[in-house]
Amino acid sequence: MQEYAREFAEFRMQVPSELQRAGGVYLLRSGKNRAKPDYDVGPKKIECYSFHFVMKGGLLVWDERGRTFALQEGQMMCFFPELSYRYKTADAASELRMQWFAFAGPQAPYLCASLGLTPENPFLDADLGPHWREIASRLHASVGVGDPIRQIRSFYELIEWLGIGAPKASPDRKNRVEHCASYLRLHYAEPIRVEALAEEAGVHRSYLSDAFRKAYGMSPKQYVTALRMTNAADLLRGGELPVQDIAATVGYPDVFSFTRAFTKRYGMSPTAYRRAGSAPASPPGPLIL
């Protein structure tokens with residue numbers, strides 16, 4: 001470690017590659033330190049997210065909202081972008097050691113949320129045992145050098161490790177129904193059973209059917225059929241893909257069952273629909289996820 005005014009520290013920084021920036025999250029820098037008794041940083045803002053781990057001693061943190069956080073050995077805190085923080089050693093008589101990882105990317109806020117980390121609740125207990133130390137050491141050593149794929153993998157491994165003890169939020173029932181609708185929009189062309197859908201949502205089948213009908217005006221099975229028919233109609237109007245290929249694309253095992261379902265929905269066969277150049281019916285809710 002190199003000596004600085006208030007600490008002995010080792011900093012590693014990097015310019016993320018195009019591959020890393022195209023992903024969900026990427027590291028910008030990492031560091032570790034041994035603080036001097038007068039260690040006192042900020043107030044300052046950073047442009048990204050940063051996980052600070054207290055490996056030894058204690059850390060006091062103040063944020064711009066006037067709140068104070070006291071972190072002890074084995075705890076970590078997330079500094080959020082564009083918020084101002086000041087932090088210092090909690091006890092000048094005790095040695096403070098920290099390690100940190102600064103990161104950005106569109107997935108960053110969601111990864112923090114998955115750990116229960118928010119600006120209102122920015123810290124959690126962390127198991128800083130041998131496995132964490134091995135991950136952190138590997139990740140720190142990768143910054144600025146080495147294989148970006150391994151670095152990305154190591155960062156997700158760190159998130160996974162932190163998530164083992166993190167509290168998991170239970171979605172409310174309304175969100176579960178919305179989750180089911182998104183699930184159906186993604187997988188409508190695959191074999192789907194209502195029982196499996198209810199299990200995915202964590203609710204009873206009868207509750208799901210009733211709640212889904214109230215929210216979308218139809219049962220989950222009818223919703224799937226409407227999705228299949230709407231997309232089949234678009235394919236029939238939009239090109240020359242054979243009818244049997246369209247049937248398979250939207251989830252029907254054979255052209256006969258597809259033709260029966262399509263004729264029931266639109267009052268004409270798929271071939272007649274294509275010839276007529278008919279306008280598609282309105283889809284059952286937004287198809288954009």
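**Note on the predicted model**

1. A search of the whole structure finds 21 aromatic pairs; rings of Phe, Tyr and Trp (its six-membered ring) pair if their centres lie within 6.5 Å, and planes under 30 degrees apart count as stacked, over 60 as edge-to-face and the rest as tilted. The model is predicted, so local features need pLDDT of at least 70 and side-chain atom pairs count only at pLDDT 80 or more, whereas totals for chains, interfaces and linings use all residues. Residues are numbered from 1 along each chain as its sequence is written, and side-chain values use heavy atoms, with hydrogens and water left out.

2. The ring centres of Phe51 and Phe103 are 4.8 Å apart and their planes stand at 70 degrees, so this pair is edge-to-face. Because Phe51 belongs to strand β5 (residues 49-56) and Phe103 to strand β10 (residues 97-104), the pair ties together parts that are 52 residues apart in sequence. Helices (H or I, at least four residues) and strands (E, at least two) are DSSP runs, numbered from the N terminus.

3. Phe51 is buried, at 0% relative accessible area, and Phe103 is buried at 1%. Buried means under 20% relative accessible area, exposed over 50%, and partly exposed in between (1.4 Å probe, protein chains only). Ring pairs link a cluster that includes Phe51, Phe103, Tyr49, Trp132 and Phe155.

4. The axes of helix α8 (residues 220-238) and helix α10 (residues 255-266) are 10 Å apart, at an angle of about 90 degrees. Axes are lines fitted to C-alpha atoms, for helices over the stretch in contact, and angles run from 0 to 180 degrees between N-to-C directions. Helix α8 is therefore roughly perpendicular to α10, the class for 65 to 115 degrees; angles under 35 count as roughly parallel, over 145 as roughly antiparallel and the rest as oblique.

5. Helix α7 (residues 205-216) and α8 have axes that come within 9 Å and cross at roughly 50 degrees. The two helices are therefore oblique to each other. Their contact (heavy atoms within 4.5 Å) involves, among others, Phe212 and Arg213 of α7 and Tyr223 of α8.

6. Four strands form an open sheet in the order β4-β9-β6-β7, with antiparallel pairing; two strands pair if DSSP finds at least two bridges between them. Strands β4 (40-45) and β7 (68-72) are at the edges with a single partner strand each, so one side of each lacks a neighbour in the sheet. From one strand to the next, the twist averages 20 degrees. Strand β6 (residues 58-63) is joined to β7 by five bridges, and Leu60 stands opposite Ala70 in β7.
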